[in-house]
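Hi,

Here is the structure I promised to pass on to you. Have a look at it first, and then read my notes below.

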Amino acid sequence: MNAPKGFVDLVFSAENQQNYIGMGNPNARILIIGREPAHDIQNKDDEKQLLAEKNYKRDQTLNKSNWRNLIEEKPLTGVLWDGHIEVCNPRRPFPNQKCLRAYGNNDGTATTWLWYQKLVDLILGREYDRPYSLRPLDFHDFCFHTDISAAAAKNLATTDKGAKTTSVEERSRELFSHPFFKQFPIVILGIGTDVGKYVPLEWCDKVLGFPCEEVEKAFNADEKQPMLWVNRDSKGRRILVHTQSLSQSSWEYLTKIRDIIWADGKSDLCWPKAY
């Protein structure tokens, strides 16, 4: 596997006790941080709860160990389910899905992933020679994605706030403090108001190194525009765009995010260093 040294250091770091590091291309220049893994592990239906727990173990619990397996060129570890082993390759977690919403057995994907795909495509300025719904879901080739919390929940309303607070604190200390997460020129913080403040300036500053005084408001609250804040590091080398949750987005909103990144001169710093 072609992984940068900083990422290898993170994966094998004794200080990082987080099983869930993230998914995608560690050589990418775009980092997307979401809220939490959307697994409904608190569902009262036993069968649905077991399914959610299986998916969480496959995608998150085994995440770090499978990154290690990829780096060491060992077989990936999976979860036994319904008579066969299910595996999540953290480098390309959804290789057989297409760019349309999942419905039945149509090979579609989750709504959140579809919006992530469209945002990454906009930032990269990608063009297509076939209908969008026929394209493979491949945004993980062009970005690295993780979540601010590892405490899974189906949605914000079902979140265990205590577990989430603990997870954010632990991940901030053990994971996001690592230099790997501070070298992305483009950071999309798609968590909305989810950290307890309208803009988590203290978190952006202390954990990711974006000074509080550099924040810029890029929306009109009086006109009920969706929140959009921009933060830059002191040297102007990195930009952080703090957005609402991208699971509830629009083409106009994603285009505005793209325009902010391009206007900042990052249009030439979007593509991965390697694949």
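Let's begin with Asp59, which lies in helix 2 (helices are DSSP runs of H or I with at least four residues, strands are runs of E with at least two, and both are numbered from the N terminus). Before going on, note that this is a predicted model, where local features need pLDDT of at least 70, side-chain atom pairs count only at pLDDT 80 or more, and totals for chains, interfaces and linings use all residues. Residues are numbered from 1 along each chain as its sequence is written, and side-chain values use heavy atoms, with hydrogens and water left out.

Is Asp59 buried or exposed? Asp59 is buried, because its relative accessible area is 6% (buried means under 20%, exposed over 50%, partly exposed in between, with a 1.4 Å probe and protein chains only). The side chains of Asp59 and Arg58 are joined by a polar contact of 2.6 Å (a pair of N or O atoms within 3.5 Å; within protein, one must be able to donate a hydrogen and the other to accept it, and residues adjacent in sequence count only if both atoms are side-chain atoms). Leaving aside neighbours within four places in sequence, Asp59 is also in contact (heavy atoms within 4.5 Å) with Met23, His39 and Cys88.

Now the rest of helix 2. Its buried residues include Ala52, Lys54 and Asn55, and the buried residues of this helix pack against strand 1 (23-24), helix 3 (63-71), strand 3 (79-81) and strand 4 (84-86).

Next, the nonpolar cores (sets of buried Ala, Val, Leu, Ile, Met, Phe, Trp, Tyr and Cys residues joined through side-chain atoms within 4.5 Å). The largest has 34 residues, and Ile188, Leu228, Val241, Leu246 and Ile257 touch the most other members. Among the elements giving two or more residues to this core are strand 2 (30-34), strand 6 (186-190) and helix 7 (251-263). Which element gives the most to this core? That is helix 4, with nine residues. There is also a second, separate core of 25 residues, including Leu31, Ile148, Phe184 and Leu240.

Not counting residues up to four places away in sequence, Leu228 touches several residues, among them Phe219, Val241, Tyr253, Ile257 and Ile260.

Cheers
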